[in-house]
Amino acid sequence: MQYLKIEPQMQRSASDSGPLCGLPEVVSCSVNKTRGMFEFQFDPQSAGSYLHLSKNNSKVTKGKMQKCHSLPDLITAKPKTNSSNAYTILGNHAISEGNHYWEIQTGDGSFTIGVAYRSVRRDKEIGWTKKSWGLGKQKWIPSILHDSVFKALAQGEQTEVRISSCPERIGVHLDYDLGSVTFTDPATQEVIHTFNIKFEEPVVPAFSLYKGSLSICSD
């Protein structure tokens with residue numbers, strides 16, 4: 001499987017607010033994309049009631065509420081209702097070992113991008129459960145000193161993350177064996193945030209979308 005090579009350097013990263021949920025401070029890294037993308041699609045069976053998929057399941061858009069359907073027990077502890085899982089969707093391929101990398105075209109919306117166990121409860125958004133971790137951006141968060149404000153969301157807790165500008169794409173590097181998830185700006189190679197996690201189950205790419213659209217990048 002192809003992946004992203006990350007080499008630590010001595011500079012601080014964009015996320016310099018200290019530990020949260022067992023997450024240490026992150027040093028900036030030299031990011032070298034040495035291999036291709038982890039291939040997956042959005043799983044329509046996990047789609048929230050406000051989320052609409054493209055024909056090839058590579059793009060998700062927040063729209064009007066759709067008729068709900070029940071989900072398999074593996075994904076949810078109870079059937080989906082209008083008040084639960086309205087904005088969340090998972091990837092259709094799970095990861096249980098190795099290094100993997102993918103990029104998401106974010107646009108000018110409000111979203112959370114991350115990873116989750118397939119057994120994650122579906123009545124909360126990504127990053128607000130004990131089985132999911134994500135990087136969130138909300139359009140209504142004001143910029144301070146022209147920095148773009150993101151939130152690192154882990155197990156129901158959050159910390160502010162500032163970067164110099166809002167990236168058009170967000171890269172996600174997952175090292176399952178090492179237990180790390182790193183978010184980067186592929187255009188500048190800036191590291192936005194890193195989670196250090198002791199994985200106990202296979203994980204899937206995971207998303208919550210409140211406004212706009214998200215697209216899986218193929219190159």
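Two strands count as paired if DSSP finds at least two bridges between them, and strands themselves are DSSP runs (E, at least two residues) numbered from the N terminus. The model here is predicted, so to speak for local features pLDDT must be at least 70, while side-chain atom pairs count only at pLDDT 80 or more, and totals for chains use all residues. Residues are numbered from 1 along each chain as its sequence is written, and side-chain values use heavy atoms, leaving out hydrogens and water.

**Exercise 1.** Find what stands opposite His52.

*Solution.* Start with β3 (residues 51–53), which pairs with β4 (residues 59–62) in the antiparallel sense over three bridges. Now look across from His52: you land on Thr61 in β4. Then check the hairpin of β3 and β4: five residues lie between the strands, and Asn57 takes a positive phi near 60°.

**Exercise 2.** Work out the strand order of the open sheet with seven strands.

*Solution.* Step from β4 to β15 (residues 213–216): three bridges join them, running antiparallel, and Lys59 has Ser215 as its bridge partner in β15. Carry on and you get β3-β4-β15-β6-β11-β12-β13, with antiparallel pairing. β3 and β13 (190–196) are at the edges with a single partner strand each, so one side of each has no neighbour in the sheet.

**Exercise 3.** Describe how β11 meets β12.

*Solution.* Take β11 (residues 169–175) and β12 (residues 180–185): they run antiparallel, joined by five bridges. Pick Leu174, and its bridge partner in β12 is Val181.

Methods. Helices (H or I, at least four residues) and strands (E, at least two) are DSSP runs, numbered from the N terminus.
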